[in-house]
Amino acid sequence: MSSKPPRRVIPIKVEPVSSLSASERATVDDACARLKSVPGALLPILHAVQDALGHIPKDSVPVIAHELNLSRAEVHGVLTFYHYFRKDPPGRRVVHLCRAEACQAVGAAELETHAKRRLGIDFHGTTSDGAISLEPVYCLGNCALGPSIMIGNRLQGRVTPARFDELMNAP
Amino acid sequence: MTRTRVYVPRDAAARSVGADDTVEAIAGQAAQRGLDIEIVRNGSRGMLWLEPLVEVATESGRIAYGPVAAGDVPGLFDANFLTGGAHRLALGLTDAIPYFKQQERLTFARVGLTDPRSIADYIAHGGYRGLTAALQMEPGAIVAAVTASGLRGRGGAAFPAGIKWKTVLGAGADQKYVVCNADEGDSGTFSDRMIMEGDPFVLIEGMTIAGIATGATRGFIYLRWEYPDAKIALDAAIAAAYAERYLGENIRGSGARFDLEVRLGAGAYICGEETSLLESLEGKRGQVRFKPPLPALQGLFGKPTVINNVITLASVPIILDRGAEYYQHFGMGRSRGTLPIQLAGNIKRGGLVEKAFGITLRELLYDFGGGSLSGRPIRAVQVGGPLGAYLPESQFDTKLDYEAFGDIKAMLGHGGIVVFDDTVDMAAQARYAMEFCAIESCGKCTPCRIGSTRGVEVIDRLLTGDNPAKQEAILRDLCETLTYGSLCALGGLTPYPVLSALNHFSQDFIKPAAAAAGRR
């Protein structure tokens with residue numbers, strides 16, 4: 001029996017095409033290195049990237065996909081499924097305004113109208129000076145002390161329009 | 001002289017109305033006056049309209065003052081509040097405040113009482129007695145105790161916890177999991193948040209017992225991102241539990257192992273649905289799975305999985321500690337034990353009320369809640385989150401009981417009660433319910449994905465007064481499709497708020513003909 005010719009292996013190192021800046025790339029690489037072996041790693045990695053960069057740059061998708069051996073479509077699908085993940089950089093402060101029923105019962109709709117007018121932006125928008133991004137949220141768990149907003153990680157209760165202005169004017 | 005202990009909650013709700021500023025003011029005043037005090041950041045007592053609620057430990061017990069703004073603090077020192085002095089904000093002994101005194105606190109026994117960062121405090125107040133008992137028992141006996149207690153899933157579906165556990169115990173696998181559903185997305189609910197921030201060890205203990213009972217060695221708490229304070233509290237408590245060998249390998253020398261970590265969600269309401277949550281934990285889009293297979297047999301990563309809500313798991317330690325009979329003795333009918341009820345929205349005394357099943361809505365709204373915050377008549381309450389029915393005044397005598405609520409086409413869900421006064425537009429609430437379903441639908445099944453958007457459109461047409469009888473018929477037909485054709489409770493229950501608004505508050509759906517003509 002004639003022996004089979006040795007199988008030729010053509011080494012291909014698929015490097016994901018990505019135009020991330022060096023520091024962004026380092027952040028994404030670090031998140032992947034730290035977390036890719038945990039079970040169900042994709043959400044923890046996306047959280048880590050957003051925590052560090054404020055958003056998840058579009059060009060990080062092929063890098064993460066490569067690291068986790070997923071298709072870009074799978075990573076994109078997850079990134080776009082969850083309301084919290086953002087693809088664009090936020091303003092210096094992100095304000096989440098609760099739209100849910102308990103806050104509606106104490107004036108959330110009026111607060112929403114006021115906030116949009118005061119900031120001159122709609123939901124998902126960022127003020128032109130880059131100071132504030134406004135996002136809707138469906139319940140912050142402060143339902144006995146509404147209307148509620150969250151600025152960064154900080155919950156605020158009983159937010160009247162006047163209180164909202166105070167909070168926005170605070171540094 | 002011993003240091004006086006002053007308690008100011010670290011609960012996110014208390015902080016949202018200035019508890020941190022109050023703490024700073026108290027520390028500043030004490031330093032200025034040369035008084036040696038110890039400030040403990042406890043959980044909230046649940047009387048949220050009184051937050052920030054400051055308590056002082058005295059010989060006769062803890063005396064409460066509230067709500068204490070930072071500006072009130074110098075006056076409190078002048079009034080000698082450290083020895084329980086009289087002041088306009090004084091509320092007397094915390095335990096004697098009727099709102100608190102009339103509760104039956106089993107699951108929430110320690111919330112507000114202890115320092116949630118201190119495992120020693122937890123143990124000193126009866127913590128880990130349930131686990132100690134469980135470690136002496138056969139797994140089957142633990143499951144039997146949970147079954148006998150009558151504990152049903154507090155997340156909303158009310159499935160008997162013991163039956164779920166028994167299925168997992170009986171499943172053969174190399175790895176099993178315990179998953180805690182801490183994706184408390186229902187508006188009007190905050191009991192999960194309060195217990196995770198105010199007594200995180202009780203959840204850890206409950207999950208550890210679930211692991212030992214079913215042979216699961218690894219646990220995950222799937223927590224919504226909107227609860228950053230709970231994340232900090234849980235991470236600290238888990239680290240303390242590992243340090244004291246209440247987690248990890250060889251728990252307290254028993255040979256049992258249980259590892260636990262917190263995972264964050266990312267703002268998807270649907271991930272409170274158990275199969276969608278499991279998908280999310282696996283790193284995927286939070287899309288609902290078909291059942292069967294049940295998660296108890298093929299759950300996380302395809303392995304047998306106990307998946308329960310925070311309150312369900314946090315109710316397990318007391319069952320193991322005091323016995324199934326003790327817990328079972330509370331409640332009515334097939335709803336056994338207690339339910340942490342959350343009074344929310346337009347309510348004067350909003351907060352957490354843990355009571356045995358069987359109390360009526362009216363007692364909760366008026367005796368506990370004190371009526372509406374605005375002082376106007378209460379017109380409607382929504383019970384059970386955004387998928388719960390709107391109930392009119394004529395149904396306020398309904399008892400809180402899973403079956404009694406089912407009988408009136410409503411649901412108790414996670415125990416949230418959102419109050420609306422007579423300024424509410426119920427047609428707008430019905431439209432919002434459809435809009436919410438459209439925003440949060442995972443997109444897997446057609447009735448929910450498309451039906452919710454069509455629902456918004458039909459309600460809009462109905463409100464223009466354009467052939468309303470026809471539009472109403474279409475809306476009811478659509479609701480039937482959603483109810484019977486949806487894969488999970490999001491699409492399946494959205495008709496509850498929509499139809500209850502339409503049935504009980506039909507006048508809100510009839511707009512004046514002139515307005516209709518103007519819009520045509």
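Q: What makes the sheet of chain A an open one, and in what order do its strands lie?
A: In this predicted model, four strands of chain A lie in the order β2-β1-β3-β4, with mixed pairing. The strands β2 (132–137) and β4 (154–156) of chain A stand at the edges. Each has a single partner strand, so one side of each is left without a neighbour in the sheet. From one strand to the next, the twist averages 25°.

Q: How do you know that β1 and β3 of chain A pair, and in which sense?
A: Two strands pair if at least two bridges are found between them. Strand β1 (residues 93–98) and strand β3 (residues 149–151) of chain A share three bridges, and they pair in the antiparallel sense. Within this pairing, Leu97(A) stands opposite Ile149(A) in β3(A).

Q: Which helix packs on this sheet, and what angle does its direction make with that of β1(A)?
A: The helix is α6 (residues 108–119) of chain A, which touches β1 and β2 of chain A. The angle between the directions of α6 and β1(A) is about 155°.

Q: Why is chain A called more spread out than a compact globule?
A: For 171 residues the globule rule gives 16 Å, whereas the radius of gyration of chain A is 22 Å, well over that value; chain A is therefore more spread out than a compact globule. The C-alpha trace of chain A spans about 90 × 30 × 25 Å along its principal axes. Chain A contains seven helices and four strands, and from the N terminus on these run α-α-α-α-β-α-α-β-β-β-α.

Q: Which domains are assigned to chain A, and what distance separates their centres?
A: The assignment gives domain 1 (22–81) and domain 2 (93–169) of chain A. Taken over C-alpha atoms, their centres are separated by 29 Å.

Q: Which domains does the assignment give for chain B?
A: Chain B is assigned domain 1 (4–101), domain 2 (119–327), domain 3 (330–421) and domain 4 (426–519). Between the centres of domain 1 and domain 4 of chain B the separation is 47 Å, again over C-alpha atoms.

Q: What makes β1 of chain B a partner of both β2 and β3 of chain B?
A: The requirement is at least two bridges for each pair of strands. Strand β1 (residues 4–7) and strand β2 (residues 37–40) of chain B run parallel and are joined by four bridges; there, Thr4(B) stands opposite Ile37(B) in β2(B). With strand β3 (residues 54–58) of chain B, β1(B) pairs in the antiparallel sense over two bridges, and Val56(B) is the bridge partner of Val6(B).

Q: How many residues of each chain are in contact with the other chain?
A: The contacts involve 49 residues of chain B and 34 residues of chain A. On the side of chain B that touches chain A, the elements giving two or more residues are α1 (12–16), β8 (259–264), α12 (274–281), β12 (338–345) and β16 (416–421) of chain B. The residues of that side comprise 24 nonpolar, 16 polar and nine charged.

Q: What scores does the model carry, and where in chain B does pLDDT stay under 50?
A: The model scores ipTM 0.95 and pTM 0.96. Chain B averages a pLDDT of 96, and 98% of its residues score at least 70. Over residues 516–520 of chain B, however, pLDDT stays under 50, and the model has seven contacts beyond four places in sequence for this stretch.

Definitions and conventions: Residues numbered from 1 in each chain as written. Chains lettered and ligands numbered in written order. Predicted model: local features only at pLDDT ≥ 70, side-chain atom pairs only at ≥ 80, totals over all residues. Domains from an automatic or database assignment. Contact = placed C-beta atoms within 7 Å. Nonpolar A, V, L, I, M, F, W, Y, C, P; charged D, E, K, R; others polar. Axes fitted to C-alpha atoms, helices over the stretch in contact; angles between N-to-C directions. pLDDT = per-residue confidence, 0-100. Rg over C-alpha atoms; globule rule 2.2 N^0.38 Å.
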